[in-house]
Amino acid sequence: MGSLEGVVGTRSAWIGKHEVVEVAYRPDVVGYGKLIDAAVEHGCASRVWTTSEEQLGVAKKNGRIAARVEAFAGGLRPAKASDQLYYLERSPLRYLPLTPVQARRVNGALYTKKDPGAWLSPRQKELYRAIESTLAERPKALEGLERPASIEKLAKYSDDLSKALAAGPR
């Protein structure tokens, strides 16, 4: 969902015993019906929880939802941090300095097996090639580096990453 234009954020969470994805989106860019269609397309719409009567109506009209449409009455618990960007954190792309929105979009692209490069700047693509090359030569070269979740810390992280990439063998 994070790679869909108009989606500005996603968060893994739980409602009771059900794992869910909370989606923040811009309704002026992507409509609720399109979100439902994308969720069905990606196989993650066995249940849909809605936050308004309007959403409930749109979801119920979608004949492709596999199971149930329910009104959300609260009780959302965020999933653990390691589940928030599951696919990104298991890829060498995790070392790139990414904004939170970029991280969500790259994670979504990896999930849907699309090219995450669509969400990267030319500089980030170049940096990624350097990361891949370094990891091929020195698999532990970037151990201990953790991309920050906040934009404010990206500059320092970029400096630390550059130093680690330039360092000799470990």
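**Exercise 1. Find the residue of β2 that stands opposite I15, then describe the pairing around it.**

Solution. I15 stands opposite H18 of β2. The model is predicted: local features need pLDDT of at least 70, side-chain atom pairs count only at pLDDT 80 or more, and totals for chains, interfaces and linings use all residues. Numbering starts from 1 along each chain as its sequence is written, and side-chain values use heavy atoms, with hydrogens and water left out.

Step 1. Identify the strands. Helices (H or I, at least four residues) and strands (E, at least two) are DSSP runs, numbered from the N terminus. β1 covers residues 7–15 and β2 covers residues 18–25.

Step 2. Check the pairing. Two strands pair if DSSP finds at least two bridges between them. β1 and β2 run antiparallel and are joined by eight bridges.

Step 3. Look at the turn. Two residues lie between the strands of this hairpin. There, G16 takes a positive phi near 60°.

**Exercise 2. State how β1 and β5 pair, and name the bridge partner of W14 in β5.**

Solution. Step 1. The sense is antiparallel, over three bridges.

Step 1. W14 has R77 of β5 as its bridge partner.

**Exercise 3. Describe the salt bridge between R147 and E89, with the setting of each residue.**

Solution. Step 1. Apply the rule. A salt bridge is a side-chain nitrogen of Lys or Arg within 4 Å of a carboxyl oxygen of Asp or Glu. The side chains of R147 and E89 meet at 2.9 Å, N to O.

Step 1. The link joins distant parts of the chain, 58 residues apart. R147 sits in the loop between α4 (122–137) and α5 (154–166). E89 sits in the loop between β5 (76–78) and α3 (100–111).

Step 2. Classify exposure. Buried means under 20% relative accessible area, exposed over 50%, and partly exposed in between (1.4 Å probe, protein chains only). R147 is buried at 12%. E89 is partly exposed at 34%.
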